[in-house]
Amino acid sequence: MDRTGPRDRGDLGPVATAAGLPAGGLPDGIGSQTLDRGLLVLEAVTEAQEPLSVADLVDRTGLHRSIVYRMVRTLEHHRLLSRAADGRYRPGARLAVLARTVFPSLRTAAASPLVELARRTGMTAFVVVPEGDLAVTLDVEEPRRSLAHVSYRPGVQHPLSAGAPGLAILAGRPPVEGERPEVEEARRRGWTRSHGEVIPGYRSCAAPLRDRTGACVGAICVVYVGDTPAEDLAPHLTAAARATEDALAGA
């Protein structure tokens, strides 16, 4: 994450992506080692700020060059990676097609509220969904008229137990023994905040999202740098959450 202007967008570094696939691969005897290696290569490319060469991928994954070469050629064949004229690899068009099948109802329902939330706050807005013990970023909307904002991207993940997005999801669930006081407080007021829990120096506010059955399916959030009071952002967050939930109910 970085605070940048429109011509100099930063991106998430290794701290924010540390919850991704482990560089060491799968434990012995579990799953497919070949598939695991392919996913390591695919994740390295999608997390990079710029296209990567085979040598770059060897450095980032720790895999042997011959293995990386086989992986990128296979992924390119399936259009999950695209090779530029200089031989470097970037995410392929097929990824966009596959992404549309992930939480389609939630993505559709949150699309307009995300745009409005980013516009009203001048901050980067995003939706996260739970995946096991992680909060995973599903979609992101950056403000279109802001001189400086935090650059964020889909796929970022962090523990549910840390940061406003995760705490909001926990607040949308029934109470459990030993939960953080912040979760109970968020459940009571309908939103929560955090400062520096995921990446030092960054603030986040979030509100839970529920489907028509009342089950929590994610959270809608903003991330920013500065001293804007969370209380000033709360009305915009809860309005975006209600709009998303209304759209989900009508889906």
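**A tour of two helix pairs**

Start by selecting helix H1 (residues 33-47) and helix H3 (residues 65-77), whose axes come within 9 Å and cross at roughly 80°. Angles of 65 to 115 degrees count as roughly perpendicular, so H1 is roughly perpendicular to H3. Keep in mind that the model on screen is predicted.

Next, show the side chains where this pair meets. On H1, pick Thr34, Arg37, Gly38, Val41 and Leu42; facing them on H3 are Ile67, Met71, Val72 and Leu75. Colour these residues by class, and the contact of H1 with H3 shows six nonpolar, two polar and one charged.

Now move along the chain to the second pair. Select helix H6 (residues 164-171) and helix H7 (residues 181-189): here the axes come within 8 Å, with a crossing angle of roughly 65°. H6 and H7 are therefore also described as roughly perpendicular to each other. The crossing of H6 past H7 is right-handed.

Display the residues that make this contact: Leu167, Leu170 and Ala171 from H6, together with Glu182, Val183, Ala186 and Arg187 from H7. Which classes are found in the contact of H6 with H7? There are five nonpolar residues and two charged ones, with no polar residue.

Finally, zoom out to the whole chain. A cartoon view shows eight helices and 10 strands. Of the 251 residues, 42% are buried. Among contacts with a separation of 6 or more, 52% join residues 24 or more positions apart. Switch to a surface view to end the tour: the accessible surface comes to about 13,300 Å², and carbon and sulfur atoms account for 52% of that area.

Definitions and conventions
Residues are numbered from 1 along each chain as its sequence is written. This is a predicted model: local features need pLDDT of at least 70, side-chain atom pairs count only at pLDDT 80 or more; totals for chains, interfaces and linings use all residues. Side-chain values use heavy atoms; hydrogens and water are left out. Helices (H or I, at least four residues) and strands (E, at least two) are DSSP runs, numbered from the N terminus. Buried means under 20% relative accessible area, exposed over 50%, partly exposed in between (1.4 Å probe, protein chains only). Contact means heavy atoms within 4.5 Å. Accessible areas come from the Shrake-Rupley method with a 1.4 Å probe; for residues, only the protein chains shown count as cover. Axes are lines fitted to C-alpha atoms, for helices over the stretch in contact, and angles run from 0 to 180 degrees between N-to-C directions. Angles under 35 degrees count as roughly parallel, over 145 as roughly antiparallel, 65 to 115 as roughly perpendicular and the rest as oblique. A crossing is left-handed if the near helix is turned anticlockwise from the far one by less than a right angle, and right-handed if clockwise. Ala, Val, Leu, Ile, Met, Phe, Trp, Tyr, Cys and Pro count as nonpolar, Asp, Glu, Lys and Arg as charged, and the others, Gly among them, as polar.
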